[in-house]
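Please work through the following exercises with the sequence and the three-dimensional structure at hand. Each task is followed by a worked solution.

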Amino acid sequence: MTTTPWPEWPAAANLWASNDRAVEMARVILGSADAPVGLTPKELVWRKNKARLYRYVRAEPATHATPIFLVLPLINRSYILDLRPGASFVEFLLSQGFDVFLIDWGTAADEDQGLDVTALVTRYLPRAAKAIQRASGADQMTVLGYCIGGTLATCFAALHPEVTRNLVLLTAPLDFSDAGQFGRMTASGVFPIEQLTATFPVVPGQLPDIGTKLLNPLASYVGTYRQLWDKLGTENFDVRGWQAMYRWVNESVPFAGAAFRQWIVEFYRENRLALDELEMDGRPVRLADIRCPVLNIAASRDQIAPRPTTNIVTERVGSADASEILIEGGHVGIVVGRTASQDLWPKVGAWLSAHD
Amino acid sequence: MTKAEEAGPKTDPFEVWRQLYDANERTWSAALEQAMGSQEFGDSSGKLLETMLAAQKSVRDNMRTYLETMNVPTREDMARLGELVIGLEEKVDQVLDRLDAIEDAVRAMPAKKAKPATGAR
């Protein structure tokens, strides 16, 4: 390992010259917990246990016939696709004339320890879809899932082809045969999943969060603050934008114990979905049963859902219309990063319009 | 020119930290990535987690015993109550599903012609 020599140490008299910026840095970081996010107006359409289905309010009627059903990951808050004005995928979809619904999984508590992925896919998503049918008047919808939400959306689309007009997957891991660092971290004999879920009825959100940050520890635990330090010295630094992103990355959600166990065992370790061995409520979940148009969006530098986990979709689904967009960037950056509004969103919007 | 540039590196004590990080970030990241990808790291972190879980379980068990002795509801008691409510909600949902299915079936039935009135005048 090569390291550079120590830089010249500043004069003692100047040690506190950056005091103001240090205080400002602390203020920005501590204030991020209250950063305004998820500001697009929405109304409650349906609820079950902690889950809520929202419909985003439109000033004018939708110009597209097919509503969009956003399925979020279980480890994030619901605002991640509606971060803030100008950096909101939801806002973009509304501006393109779509009727947008979103399922917020809420915050699992001890009484949800038995709630597994199967229940979410077979008892929650179908009823939410029915509520969308009622509210929108449309028989079918575009199901759009992000990350783990994409995996759930895929299972739902395979089990309910009658309501799925299109399936859009945003960095959704489906094949865990080569799941990268996450796969190694959660391997059998390494990760004590049974002991973990026996101890915690709901797995603390910090655990998956730490796992995510350990994928790139230096950048997560040091680089973030090093960048903030630099940005605080520049004019026109968007403090609110930085705080919103920081809040997203650091505001974790507890994972219901049974869902976490099923996610680790059946998906990561046994790779049942990709191997056509997954069953939910006695019904086989097969990728080949997805016959609607499919758009798979992958990120080139994704460490959370690395490329090998996302690239089987177009080959394995039974659809004749399955395409893929590979975006330059990371797992989070491609959705709300600076280039998202110029790169990803217009491409998704164009695809959705063409498949309305 | 940014405030940092105006201040100059000599006046910024954090510049030392920044320069060190910038110069070594790639090397350190590569070393960390290599270390964390090893079987030894996996085994070690797994054992560490197991130990922490055992300690946590012990704390939880002791607290539950204490609360039960004091006749105070435990987290498990509250969770069981919540599970009952969730189970009840699921049953209501199942009833609604069946009603929906019946409603759909009735709507799908072809409309029959109304029979002529045959009652006594």
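This is a predicted model: local features need pLDDT of at least 70, side-chain atom pairs count only at pLDDT 80 or more; totals for chains, interfaces and linings use all residues.

Residues are numbered from 1 along each chain as its sequence is written, chains are lettered from A and ligands numbered from 1 in the order in which they are written, and side-chain values use heavy atoms, with hydrogens and water left out.

**Exercise 1.** Determine the strand order of the open sheet of eight strands in chain A and identify its edge strands.

*Solution.* Step 1: apply the terms. Strands are DSSP runs (E, at least two residues), as helices are (H or I, at least four), numbered from the N terminus; two strands pair if DSSP finds at least two bridges between them.
Step 1: read the order, which in chain A is S1-S2-S4-S3-S5-S6-S11-S12, with mixed pairing.
Step 2: find the strands that pair on one side only; these edge strands are S1 (42-48) and S12 (322-327) of chain A.
Step 3: inspect the pairing of S12(A). Strand S11 (residues 294-299) of chain A runs parallel to S12(A) and is joined to it by six bridges; A:Leu295 has A:Ser323 as its bridge partner.

**Exercise 2.** Describe the neighbours of strand S4 of chain A and state whether its residues are buried or exposed.

Step 1: A:Phe69 is partnered by A:Phe101.
Step 2: Five of the five residues of S4(A), 100-104, are buried.
Step 3: separate the faces. A:Val100, A:Leu102 and A:Asp104 lie on one side, A:Phe101 and A:Ile103 on the other, and all are buried.

**Exercise 3.** Which side chain makes a polar contact with A:Lys48?

*Solution.* Step 1: locate A:Lys48, which is in strand S1 of chain A. Step 2: note that A:Lys48 is buried because its relative accessible area is 1%.
Step 1: search for polar contacts (N or O atoms within 3.5 Å; within protein, one must be able to donate a hydrogen and the other to accept it, and residues adjacent in sequence count only if both atoms are side-chain atoms). The partner is the side chain of B:Asp93, at 2.8 Å.

**Exercise 4.** Characterise the largest cavity and the second largest pocket.

*Solution.* On a 1 Å grid over the protein atoms alone, a cavity is a set of points where a 1.4 Å probe fits but cannot get out, whereas a pocket is an open set with protein on both sides within 12 Å along at least five of seven lines; lining residues have an atom within 4 Å of a point.
Step 1: the structure holds two cavities of 30 Å³ or more, and the largest has about 170 Å³ of space. Among its 18 lining residues, A:Leu74, A:Trp105, A:Ala108, A:Leu115 and A:Ala256 are closest to its centre.
Step 2: the second largest pocket has about 900 Å³ of space. Of its 41 lining residues, A:Met185, A:Phe191, A:Leu207, A:Gly211 and B:Leu49 are closest to the centre. H3(B) gives the largest share of this lining, 10 residues.

Notes:
Grid points are joined across faces, edges and corners, and a volume is the space filled by probe spheres set on the points. Buried means under 20% relative accessible area, exposed over 50%, partly exposed in between (1.4 Å probe, protein chains only).
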